[in-house]
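Have the sequence and the 3D view open as you read.

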Amino acid sequence: MRAIALGLSTVVATVSIAGSALAGELIAGVYAHDVTFLGEAVGLGAAGKEGGANIHLGWRSDRIDGFPSWLSGPRAHIFVSGNTEGDTSYIAAGLTWHIPITDDQRWYVQPGMGLAVHDGYDIFPDWREPGISPEEYDRRIALRSERIEFGSQILFEPEIALGYRFNDQTAVELSYVHLSNGQIFHQGKNEGLDEVGIRFVRRFGG
């Protein structure tokens with residue numbers, strides 16, 4: 001949790017600096033944590049072990065110029081996601097692409113890809129380790145049904161949102177975020193995490 005607290009401080013500091021100097025968007029949302037219904041539909045395979053809600057707080061930049069044409073001007077994002085029940089929290093950063101889908105540009109989709117660092121378990125401690133106490137043995141066994149075994153501390157963070165912009169300053173998004181190692185950061189264990197929620201967007205600066 002110290003790493004997450006540090007990450008939250010970093011996001012708050014970034015938002016404060018950006019708010020006075022740069023154009024961008026503050027993002028804040030509430031997400032259902034470790035949901036399985038969407039993973040079952042699209043085959044991403046969330047673990048379905050953890051509970052609570054995750055609170056997201058972060059910042060998203062304006063369109064960034066200078067990328068190749070096939071990347072078409074992404075936006076940078078960074079956010080902290082804290083779990084209300086002490087399960088997995090994480091920090092994520094990456095790029096998103098804003099794609100209007102109506103003529104008035106109020107409705108849009110926003111796919112993205114980033115990397116995340118979490119405070120959960122990459123690999124569970126071995127319950128067969130000699131010399132551990134009965135209490136520690138029970139704790140390690142319980143982890144397998146109560147917590148996610150990600151396989152790696154660094155994870156991919158694909159996401160997609162459907163948004164509606166009320167005006168130039170305010171929008172709301174239905175958002176989906178997935179975490180997994182993709183069998184790239186680790187070979188073997190790859191329990192994923194799916195989150196679905198609502199986030200509010202407030203533009204500042206510029």
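Start with β3 and strand β4 (residues 90-96): the two run antiparallel and are joined by 7 bridges. Strands count as paired if DSSP finds at least two bridges between them. To find one of these bridges, look at V80, whose partner in β4 is I91. The hairpin made by β3 and β4 has 6 residues between the strands, and there G86 takes a positive phi near 80°.

Before going on, a word on ground rules: this is a predicted model, where local features need pLDDT of at least 70 and side-chain atom pairs count only at pLDDT 80 or more, while totals for chains, interfaces and linings use all residues. Residues are numbered from 1 along each chain as its sequence is written, and side-chain values use heavy atoms, with hydrogens and water left out.

Now look to the other neighbour of β3. Strand β2 (residues 53-61) and strand β3 (residues 75-83) also run antiparallel, again with 7 bridges. Here I55 has G82 in β3 as its bridge partner.

**The whole chain**

Zooming out, the protein chain has 3 helices and 9 strands. Helices (H or I, at least four residues) and strands (E, at least two) are DSSP runs, numbered from the N terminus. Along the sequence the pattern reads α-β-α-β-β-β-β-β-α-β-β-β. Of the 206 residues, 40% are buried; buried means under 20% relative accessible area, exposed over 50%, and partly exposed in between (1.4 Å probe, protein chains only). Take the contacts (heavy atoms within 4.5 Å) between residues at least 6 apart in sequence: 67% of them join residues at least 24 apart.

**Rings**

How many aromatic pairs does a search of the whole structure find? There are 5. Rings of Phe, Tyr and Trp (its six-membered ring) pair if their centres lie within 6.5 Å; planes under 30 degrees apart count as stacked, over 60 as edge-to-face and the rest as tilted. Here are two of the pairs:

| Ring pair | Centre distance | Plane angle | Type |
|---|---|---|---|
| F79 and Y90 | 5.9 Å | 75° | edge-to-face |
| Y164 and F166 | 5.2 Å | 80° | edge-to-face |

Ring pairs link Y164 and F166 with W107 into a cluster.

Is R199 buried or exposed? R199, found in strand β9 (residues 193-204), has a relative accessible area of 3%, so it is buried. Its side chain makes a polar contact with the side chain of Y31 (3.3 Å), and another of 3.3 Å with the side chain of S175. A polar contact is a pair of N or O atoms within 3.5 Å; within protein, one must be able to donate a hydrogen and the other to accept it, and residues adjacent in sequence count only if both atoms are side-chain atoms. Leaving out residues up to four places away in sequence, R199 touches several others, including R60, E159 and E173.

I99 sits in strand β5 (residues 99-100) and is partly exposed, with a relative accessible area of 38%. Its C-alpha atom is separated by 6.0 Å from that of Q110, 11 residues apart along the chain.
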